[in-house]
Every structure is written in C-alpha cells, then in structure tokens.
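Hi,

Here is the structure I promised to pass on. Have a look first, and my notes on the packing and the charged pairs follow below.

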Amino acid sequence: MSDEDCDYIVGILDALDVFNLLESRGPSKVRMMRFKDKDLDQIVAEYAFKIKPEVEKFFNVENTIVSDYGAFISKKGYSMDPHIDTVNDYGLFDYLKYSAVLYLNDEFDGGDIYFSNLNVSYAPQKGDLIIFPANDLNYMHGVSQINEGKRHTLAYWYSENGEWEKYFE
C-alpha cells in the first residue's frame, strides 16, 4: 500500500467516531462487518482484493474468498493476548482460513505482533503486510502493549471456495 493511501485511511479513521465505525450485515452465524462511511468501506474493500493474490501465492491456493475485513485503532495501553482468528468472543469462525494484516502507520512505540508458539515478534512498519494462517494453533498471535501513539491496521480474512457459503444455509 502506498504511503498516500495509508495516510488517507488513517485520516478517515481518526476523523470518524470509532465507536460508531462498523455495521453488521449478514446472518448471525457470519461475522460480516462493513464501514458506515462508504468511502472508507470502498478503499478498504479494494485492498482486500489487491491483497488476495498475495495470500493465494503465499499459501499456494486459488479461488479464495474475501470473508471479512476490519480497521483497528489501538491506543496507548492496548495489548492483545495470543489467539487464533477463528475463535473470538462472538463464536467459532472455522471458515476463516487465512489472515492478513496491513499496517497503516508506524508512529507508535510497542504494538509489535508476536507469534507466541513460534517465539517470533515483529515491529511493523508503515505499509507492511503480514500473512498467516487464521486457524492454526501454531500461529497464535497477539499484540504487545502500545507504549505511545496510536497503531492503525486493516485486517482481512479469507476463506477457501465453498467453506464460507455453508454458513448461509
């Protein structure tokens, strides 16, 4: 992602009411979030499809489906415990196979992504894209505490063809 696109999205995110950023769509078994701000929704969705070939190349798969995406603003003091993306407070989303996180800025201290079972930690830079399995316990990941600044990210989740549709039955 270009620096200009990163800055543009960060500007929109910072200008919006972050507590009123998303609206839920779709059946209750599927976690589909879309942004109420249509300009933001369009650019974030466009990047879901721009990233898709990278995800498919990385995992050597074809015909993945963009299942969900979200934007996150994490402030000073925020951290996230290790988890896999298919299990959260809303339930089990085993149709999610691949995760991608796009970092929109690097004006923060802390906020490293770490993979606890692999003993790997990474300090993201603006424009970085991290791709990993969404449903593999070996790739449990978390975020170290943010000491200063705000961390802006876009997260994308992809499914394999046919997996996602069964949740609409």
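Start with Tyr 156: leaving out residues up to four places away in sequence, Tyr 156 touches Val 44, Tyr 47, Ala 48, Ile 51, Asp 68, Tyr 69, Tyr 98, Ser 99 and Ala 100. Bear in mind that this is a predicted model.

Tyr 156 is also one of the residues with the most contacts inside the largest nonpolar core, together with Leu 154 and Tyr 158. That core has 24 residues. Which elements each supply at least two residues of it? They are α1, α2 (38-59), β3, β7 (98-103) and β14. Of these, α2 gives the most, with eight residues. There is a second, separate core as well, made of six residues, among them Val 101, Ile 113, Phe 115 and Phe 132. As background, nonpolar side chains in soluble globular proteins tend to be buried together.

Now the charged pairs. The structure holds four salt bridges, and here are some notes on three of them.

Lys 126 pairs with Asp 7, with 2.5 Å between the closest N and O atoms. Lys 126 sits in the loop between β10 (120-122) and β11 (129-133), while Asp 7 belongs to helix α1 (residues 3-15), so this bridge ties together parts that are 119 residues apart in sequence. How accessible are the two partners?

Lys 150 comes from the loop between β13 (146-149) and β14 (151-159) and Asp 14 from helix α1, so parts 136 residues apart in sequence are tied together. Lys 150 has 31% relative accessibility and counts as partly exposed; Asp 14 is likewise partly exposed, at 37%.

The last one joins Lys 76 to Glu 148, with the closest N and O atoms 3.3 Å apart. Here Lys 76 lies in the loop between β3 (65-74) and β4 (80-83) and Glu 148 in strand β13, so the pair links parts that are 72 residues apart in sequence. Is Lys 76 buried or exposed? Lys 76 is exposed, with a relative accessible area of 57%, whereas Glu 148 is partly exposed, at 44%.

Cheers

Note on methods:
Residues are numbered from 1 along each chain as its sequence is written. This is a predicted model: local features need pLDDT of at least 70, side-chain atom pairs count only at pLDDT 80 or more; totals for chains, interfaces and linings use all residues. Side-chain values use heavy atoms; hydrogens and water are left out. A salt bridge is a side-chain nitrogen of Lys or Arg within 4 Å of a carboxyl oxygen of Asp or Glu. Helices (H or I, at least four residues) and strands (E, at least two) are DSSP runs, numbered from the N terminus. Buried means under 20% relative accessible area, exposed over 50%, partly exposed in between (1.4 Å probe, protein chains only). A nonpolar core is a set of buried Ala, Val, Leu, Ile, Met, Phe, Trp, Tyr and Cys residues joined through side-chain atoms within 4.5 Å. Contact means heavy atoms within 4.5 Å.
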